[in-house]
Structures are given as C-alpha cells and as structure tokens.
Amino acid sequence: MMPGFRGGEALCFVCHDGFTEEERMVNTSGQIYHEKCFVCAQCFRPFENGLFYEYDGRQYCEYDFQQLYAPCCNSCGEYVIGRVIKAMHANWHPDCFRCELCKDPLADTGFIKNAGRALCKRCHAAEKAKGGRYLCNRCHTYIEEGGHIMYMGEPVHPWHYNCYACNKELDVNCRKKNNELYCLRCHDKMGTPICGSCRRPVEDRVVNALGKQWHVEHFCCAQCEKPFYGHRHYEKNGLAYCETHFNELFGDICFVCNRAIARDVVTALNKCYCVQHFACWGCNVKLTLKSKFHEFDMKPLCLKCHEKLPRELRKRLRKAESANR
C-alpha cells in the first residue's frame, strides 16, 4: 500500500482520514494534509498567509522557526534568515560583520582576530605595530587581552563603572540591559529567565515548559537526555520525555499504529486504539464504543461484515459471545 493511500483513497498524513469532495488538500514534501491538520509543529496554529518553514521533516510558522533554529546576529540582535556569517564564536548578518575599528565590511574580504576583535588586514597591521591590544576609551591606556568590556560601542576597563543597582565595582562578567551596566548577580535578579538545568540566565531563545524556562539545548528527555530541539515532548510527573521513552515507560500503545496514544483512548477487546484507528477489521469503517460490532479473532467486525461470514461460523461466534457474558 502506498503511504498516504488506502484502497486508492487519499489519506491525511496527520489524522489518516480521507477527504470529502468539498475539502481542499495541502500537498507538501510528498505528503497530503487536510487544511485543518496542516499546522505549525510547535504552536499547532495555522500558517499565516500560508507561509511556513520546513526543517527535519516538520513545518513551522515563521516565529517558532526563528525561536528554535534561526541564529541571532551578534551585532543587531535580529534573527538571520538567509546567508549567515559564523565567526568569532557568533553569528552575523553579512552586512553586520565589520571591522571593529574602521567599520569596513568583512564578510567577503576576510578578517584577522586581534585581542578578541575582528579586524581587517589594514587595521590589524596598525594595531600590531602598537602591540595588538585594546585602547580603553576612558583612561586611554592599553587593556590586557580578555580584560575589557564593550560599552557604548567602545572598549573600556570594566572597573571604570559600577553596578547600576548595587554600586559594586564591575568586572568582565558584568551584563548590560537598557544601556545600563549590572553585576552578574543583580542582572540575574531582574527577571531574566534562569535555565531550569544549568541555572544560568537565558539571554537568547527560551523554551517554556514544565513551569520553567530553559536554554534550547538544555531542554532534554529525562530518560535519554537528548535535547528536543522543537520536537514534541510528553510530560509525566514533572518530567519531559521523548515519544520513544514515554511509550516505553508510561504510554498506551495503539494496537493498529503501534504508537503512543496522546489523546483519547478506545479500549475494546482487551486492546487499546487511537480514536481514528478503532475500525472494522473487514471493511475499515470507523467504529465507536456505541457502535454495534462483533468479535472475530479478538478483532472488531461491523454488523455487515459479520453477516458475510459463513452461517456455521456465525453460530459458533454467537455461542462464544453468550458464554462470555
């Protein structure tokens, strides 16, 4: 049987139901969907203006795709869509990656790392003649490598400034918020989300789950410790699990699709079924617990399929049903 088809009938990739003549199909990556089933894999909302991003076989709205996967520019702080410059342990828009001294673009000309700065070849040569160190914008003396902070776009010794909240002299671990400088302790108290795993501030993308905030890479399955990275997770007793380990530890498994039943469960004939998979074993018509059906080989048969069985076999089945009551 071809995937997405049953007896020649097209089936939705998500709910596995067929389509009426009036319903429109969404076809993407070789799969077909009902319009109502074609939603963002993270927020489960329809795609605004039909715009979606696909990653690892899943579709995301623009907001969730950026939150989960799009890198942030180290200069302007905006998400980078399209070409990404990876340099200096950070991501950049091509136009934002510039020499820290002369501001010439570096994306296509190359750069040289100088005392933690990205410099063009000309500025690097000039700095090398001076010893290759930052020049503090406050005291105009050279700064030892690794001992500076950038404030108002200029390198400075951190001890020229005090924490805006507690007035403590700052060090290189200070943080900036709303153009004010804070020591690390005061910054962490200002409502910046704290990761539920590493207990450090989450200053980039944040995952909200289990009543806590997490770095994207720290929100992991409690069993295998692999990050979810936007994939669906299942919660149990205050912990998060991937689908595989949730099934192994807690899940009801559908007798038909052999997957965890995430929503309503149909229990019949000592088996569990997804609602959409509880169907006649003969003609595949959908059944409910209110439907009249017979048992055949521990599987449900609708009345029509039961009547098609040989008469002697039906008599034996009726006697067996009577004996079990």
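Me: How much space lies in the second largest pocket?
Reply: The model is a predicted one. Of the elements in this model, strand E6 (58–60) and helix H4 (243–249) give two or more residues to the lining of the second largest pocket. The space in the second largest pocket is about 1,400 Å³.

Me: Which residues that line the second largest pocket are the closest to its centre?
Reply: The lining divides into 22 nonpolar, 7 polar and 8 charged residues. It is made up of 37 residues, and the closest to the centre of the second largest pocket are Val14, Phe44, Arg232, Tyr234 and Arg259.

Me: How many charged residues are in the lining of the largest pocket?
Reply: About 1,600 Å³ of space lies in the largest pocket. Its lining has 44 residues, and Asn74, Ser75, Trp92, Glu100 and Met150 lie nearest the centre. Elements that each supply at least two lining residues include strand E8 (90–92) and helix H2 (121–130). By class the lining has 19 nonpolar and 12 polar residues, and the number of charged ones is 13.

Me: How many aromatic pairs does the count come to?
Reply: Two rings pair if their centres lie within 6.5 Å. By this rule the number of aromatic pairs is 13.

Me: Is the pair of Phe13 and Tyr33 stacked or edge-to-face?
Reply: The ring centres of Phe13 and Tyr33 are 5.7 Å apart, with 75° between the planes. Planes over 60 degrees apart count as edge-to-face. The pair of Phe13 and Tyr33 is therefore edge-to-face.

Me: How many residues apart in sequence are the parts that the pair of Phe13 and Tyr33 ties together?
Reply: Phe13 is partly exposed at 44% relative accessible area, whereas Tyr33 is buried at 5%. Phe13 lies in the loop between strand E2 (9–10) and strand E3 (25–28), and Tyr33 in strand E4 (residues 31–34), so the pair ties together parts whose separation in sequence is 20 residues.

Me: Which residues do ring pairs link into a cluster with Phe13 and Tyr33?
Reply: Ring pairs link Phe13 and Tyr33 into a cluster with other rings.

Me: Which charged residue sits over the ring of Tyr161?
Reply: Tyr161 is buried, with a relative accessible area of 17%, and Tyr151 is buried at 13%. The centres of these two rings, Tyr151 and Tyr161, are 4.9 Å apart with the planes at 70°, so the pair is edge-to-face. At 5.1 Å from the centre of the Tyr161 ring, the charged end that sits over the ring is that of Arg138.

Key:
Residues numbered from 1 in each chain as written. Predicted model: local features only at pLDDT ≥ 70, side-chain atom pairs only at ≥ 80, totals over all residues. Heavy atoms only, no water. Phe/Tyr/Trp six-rings, centres within 6.5 Å; stacked < 30°, edge-to-face > 60°. Helix = DSSP H or I, 4+ residues; strand = E, 2+ residues; numbered from the N terminus. Buried < 20%, exposed > 50% of the residue type's maximum accessible area, 1.4 Å probe, protein only. Lys NZ or Arg CZ within 6 Å of the ring centre and 35° of its normal. 1 Å grid on protein atoms, 1.4 Å probe; cavity = no way out; pocket = protein on both sides within 12 Å on 5 of 7 lines; lining within 4 Å. Points joined across faces, edges and corners; volume = space filled by probe spheres on them. Nonpolar A, V, L, I, M, F, W, Y, C, P; charged D, E, K, R; others polar.
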